[in-house]
Amino acid sequence: MIQKPSILLVDDEMKITQVLAAYLQKGGYETEIAHDGRTALELFANKEFSLVVLDLMLPDICGEEICRNIRSKSRIPIIMLTAKSDELNLIQGLKLGADDYIIKPFSPRTVVAKIEAVLRRAKGDELVSVPITFGNGYLSIDFKNNLVKKEGDIVGLTPTEYKILKTMAKAPGRIFTRDQLIAFGLDDNFDGYDRSIDTYIKSIRSKIEPDRKSPIFILTVHGMGYKFASEYPSK
């Protein structure tokens, strides 16, 4: 019997958690609900989850602290819920390791779609045994053999450039801060500054983009970092 993915919903607004739980259960997910940070951490410690939906503003423990606590123990996907006025807290949450975010107010369908997308990304390593193409075949990445091609020609990326590209390309649409690209994509002994990532991104763009000045693959998310595009403009 296939085990259903289990989602931990953390929000102090009861109506939000009830509606999300109903939609998720209808979609074949199991859910647990916490209306405060202490309960959320207790549930996380005692049950295995597939993903956490975490509100930034909770009555006892802030969402950033919960994210930090979870990240110290697990790489489980985390989606943060935030109001537009919480932008600075959101950026901090992404730096702490949140995988994505949703701005309130939102539709339950949007949350379910985002959860499905993030879970697919989390399984990305299981789906890269064959080369994957992007931009109608313009760019191809063979993760198994560490090979990148542009219009059929091999692209000469440095090992560091390839690690950064691979990290982002395995999770299209996910925003990566500079610190995350260092933590996820580079070796632990990397001794550069976070702004060094900008130099690497510029170099990668010059090698894989049709026009490095108007990139379609590696996009800048102002104030946050970078992401690998999930959709591409038609040529």
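This is a predicted model: local features need pLDDT of at least 70, side-chain atom pairs count only at pLDDT 80 or more; totals for chains, interfaces and linings use all residues.
A residue counts as buried when its relative accessible area is under 20% and as exposed when that area is over 50%.

The chain is organised into eight helices and twelve strands.

Five of its residues, namely Ile16, Thr17, Leu20, Ala21 and Leu24, are buried. Viewed down the axis of α1, the buried residues fall within an arc of 125°, and they therefore line one face of the helix. Lys15 and Lys26, on the other side of α1, are exposed. After the helix comes Gly28, which has a positive phi, near 95°.

From this helix the reader may turn to the aromatic residues. Across the whole structure, a search finds three aromatic pairs. One of them joins Phe134 and Phe228 in an edge-to-face arrangement, with 4.9 Å centre to centre and 70° between the planes. Phe134 belongs to strand β6 (residues 132-134) and Phe228 to strand β12 (residues 225-228), so this pair ties together parts that are 94 residues apart in sequence. Both Phe134 and Phe228 are buried.

Phe228 also takes part in an aromatic pair with Phe217. Here the rings are stacked, at 6.1 Å centre to centre and with 25° between the planes. Phe217 is located in the loop between α8 (196-208) and β11 (218-221), whereas Phe228 is in strand β12; the pair therefore ties together parts that are eleven residues apart in sequence.

The accessibility values complete the description of these two rings. Phe217 counts as buried because its relative accessibility is 0%. Phe228 has a relative accessible area of 0% and is therefore buried. Together with Phe134 and Tyr138, Phe217 and Phe228 form one aromatic cluster.

How values were computed:
Residues are numbered from 1 along each chain as its sequence is written. Side-chain values use heavy atoms; hydrogens and water are left out. Buried means under 20% relative accessible area, exposed over 50%, partly exposed in between (1.4 Å probe, protein chains only). Helices (H or I, at least four residues) and strands (E, at least two) are DSSP runs, numbered from the N terminus. The arc is that of the directions from the helix axis to the C-beta atoms. Rings of Phe, Tyr and Trp (its six-membered ring) pair if their centres lie within 6.5 Å; planes under 30 degrees apart count as stacked, over 60 as edge-to-face and the rest as tilted.
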